[in-house]
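Visitor: I would like to learn how to read a model of a complex, one feature at a time. Where do we begin?

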Amino acid sequence: MTIQTVSPQAVSQYSKYNAKVARSRATSEPIWVRWLLTFIVLLFLSIFLIVPLAAVFTEALRKGFDTYITALSDPDALSSIKLTLIAAAIAVPLNLVFGVAAAWAIAKFEFKGKSILITLIDLPFAVSPVIAGLIYVLIFGLQGWVGSSLIDHDVKVIFAIPGIVLATVFVTFPFVARELIPLMQAQGKDEEEAGLVLGASGWQILWRITLPNVKWGLLYGVILTNARAMGEFGAVSVVSGHIRGMTNTMPLHVEILYNEYNYAAAFAVASLLALLALVTLMLKSFVEWQVARNAASNESA
Amino acid sequence: MKIMAKQKNILPGFNLSLGYTLLYLSLIVLIPLSAAFIKTTELSFNEFWTVITAPRVVASYKLTFGASLIGALINAVFGLLTAWVLVRYHFFGKKVIDALVDLPFALPTAVAGIALTAVYASNGWIGSWLEPLGIKVAFTPIGVIVALTFIGLPFVVRTVQPVLQDLEAETEEAAASLGANRWQTFTKIIFPAIWPALLTGFALAFARAIGEYGSVIFIAGNVPFVSEITPLIIITKLEQYEYAQATAVAVVMLVISFLLLFAINGLQWWFNRRNTASH
């Protein structure tokens with residue numbers, strides 16, 4: 001449900017402990033215990049993470065590189081890539097603007113019901129992706145609340161791109177807000193108030209003070225939002241209608257190819273998504289490293 | 001900060017930012033979710049009850065909750081071990097392993113699903129080793145557990161890791177100098193400090209597993225009464241245009257998920273308070 005990552009700030013806070021921890025024999029385990037535990041952990045992570053990840057690329061290239069390229073340059077595959085990019089390109093900015101607005105209201109002001117609001121923002125993480133798709137079908141589907149008036153105006157939401165975008169927006173809704181709220185709360189509002197006293201307008205304060213202060217947290221939220229937006233399966237599957245070359249995103253295209261026993265092509269498209277996941281992890285590590293470095297330089301200054 | 005809050009706030013943009021937040025939240029989340037609850041009123045209470053207690057649906061609850069629970073327990077044990085090894089020990093490639101722990105968050109669930117199926121099928125890299133032992137993973141309830149373990153893997157590691165890192169070495173040194181052995185230090189000093197985090201991580205992994213769909217359906221085999229999860233029941237009913245019935249099952253899941261969300265928020269609140277009180 002909740003994507004509970006260690007925020008970059010938390011990492012920076014703790015990294016200093018890593019540096020100073022030089023454990024004596026009294027507070028560490030015998031060497032055989034350390035080796036055994038490390039071995040168990042590596043074995044566990046291998047069978048659950050590393051082997052499946054390796055399998056994606058092996059299966060994708062099993063029938064050779066030419067088959068791989070053919071599978072990716074198939075028109076249906078290309079249109080699924082395009083649709084995935086479109087959905088992410090709409091969902092990420094929408095949730096980014098929302099995240100900044102919500103964090104500004106929650107972090108800089110006191111009002112009644114704030115903790116309820118924070119819980120409500122988390123709701124989409126608690127909802128099964130399948131249900132996230134279902135609720136939009138209930139509203140925009142043929143028998144839905146506004147379904148018949150949509151038909152009158154010849155607008156398609158369900159089994160069309162708008163439905164896919166809506167479902168994607170829903171499942172990625174909390175990421176940026178969750179990242180920014182604690183960060184902006186911790187930073188307080190002294191700098192913003194100083195800016196105001198010096199005559200800056202609200203927008204100037206936002207652009208010149210608040211956003212630069214939270215830029216890494218913001219980037220972190222955007223990376224997570226984008227990864228989930230491009231990879232969402234359950235919610236999109238319910239609203240898409242699986243029309244090949246029309247309403248298939250990459251994960252849905254993977255499913256169709258797989259169910260047709262076209263494993264090489266399914267894993268070829270899947271390998272692109274796996275690469276996206278690896279790039280996401282690298283960017284995430286980079287942001288955490290940047291934040292740790294900034295914190296360290298602030299400390300020494 | 002608490003004292004400052006009492007002063008008059010001079011920053012601009014409160015009405016705009018809060019207004020936009022509430023509007024967007026209502027349009028994207030609250031109104032659509034309320035549609036699910038309103039849709040079920042099309043059914044009488046008896047009809048609703050019949051749908052949500054049908055034998056096939058009940059079998060799916062048992063599988064979904066049972067497998068989620070086992071997956072979350074596996075993650076509690078191995079997630080704690082992983083966090084421990086990542087914080088306390090040094091080995092080659094540790095940074096890469098640490099980053100890879102987040103893979104289940106970053107890897108699309110459909111990709112995870114077909115990858116796990118390929119690996120655990122009877123001709124797969126791991127499945128072919130388990131087959132002679134009489135263990136079938138893919139297309140059985142064990143496959144569901146494997147997928148749900150994968151999907152919840154980062155939660156326990158990422159909630160326990162910062163708490164372990166934050167533990168003061170001094171308390172352990174004091175325990176050692178008072179004659180405690182390592183195991184006593186762990187059970188009496190370290191474990192009491194980390195168990196709220198462990199419980200939170202466990203609850204998060206469990207809650208995530210309950211709603212999971214993409215990674216499960218490929219490996220589960222989806223046999224009614226045996227390996228059919230509740231989210232799949234919802235999809236099946238939707239495909240048969242049984243919208244009210246699909247929504248009834250969805251409402252059961254929503255209520256359980258919301259209760260879990262409140263429990264987790266309560267846990268985190270309690271756990272933060274406990275942490276700040278001890279500093």
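Visitor: How many residues of chain B are in contact with residues of chain A?

Guide: A general remark comes before the count. The size of an interface is often given as the accessible area lost when the parts come together. Here the contacts are counted instead, in a model that is predicted. In it, 85 residues of chain B are in contact with 85 residues of chain A. On the chain B side, helix 2 (residues 14-40) gives the largest share, with 14 residues. By class, that side of chain B holds 62 nonpolar, 15 polar and eight charged residues.

Visitor: What ipTM and pTM does the predictor give the complex?

Guide: The ipTM is 0.90 and the pTM is 0.89. For chain B the mean pLDDT is 91, and 96% of the residues reach 70 or more. Residues 1-6 of chain B have a pLDDT below 50, and beyond near neighbours in sequence that stretch has two contacts in the model.

Visitor: Which secondary structure do the chains have, helices or strands?

Guide: Chain A has 15 helices and zero strands. Chain B comes to 14 helices, again with zero strands. For overall dimensions, take the principal axes: the C-alpha trace of chain A spans about 60 × 60 × 30 Å, and the C-alpha atoms of chain B fill a box of roughly 70 × 65 × 35 Å.

Visitor: What share of each chain counts as buried?

Guide: In chain A, 48% of the 301 residues count as buried. In chain B, buried residues make up 46% of 279. Sequence separation is a further thing to read. Among contacts between residues at least 6 apart in sequence, 77% in chain A join residues at least 24 apart; the corresponding share in chain B is 78%.

Visitor: How many residues does the largest nonpolar core have?

Guide: The general idea is this: in soluble globular proteins, nonpolar side chains tend to be buried together. In this model the largest nonpolar core has 171 residues, and those with the most contacts inside it include A:Ile131, A:Leu134, B:Val111 and B:Ile114. Helix 4 (residues 75-108) of chain A supplies the largest share of this core, 15 residues. At least three residues of the core come from each of domain 1 (18-61) and domain 2 (65-300) of chain A.

Visitor: How far apart do the two domains of chain A lie?

Guide: Their C-alpha centres lie 31 Å apart. Six residues of domain 1 are in contact with nine residues of domain 2. The domain 1 side of that contact divides into five nonpolar, no polar and one charged residue.

Key. Residues numbered from 1 in each chain as written. Chains lettered and ligands numbered in written order. Predicted model: local features only at pLDDT ≥ 70, side-chain atom pairs only at ≥ 80, totals over all residues. Helix = DSSP H or I, 4+ residues; strand = E, 2+ residues; numbered from the N terminus. Buried ≥ 20, exposed ≤ 12 C-beta atoms within 10 Å, placed from the backbone. Contact = placed C-beta atoms within 7 Å. Nonpolar A, V, L, I, M, F, W, Y, C, P; charged D, E, K, R; others polar. Core = buried A, V, L, I, M, F, W, Y, C linked by C-beta atoms within 7 Å. Domains from an automatic or database assignment. pLDDT = per-residue confidence, 0-100.
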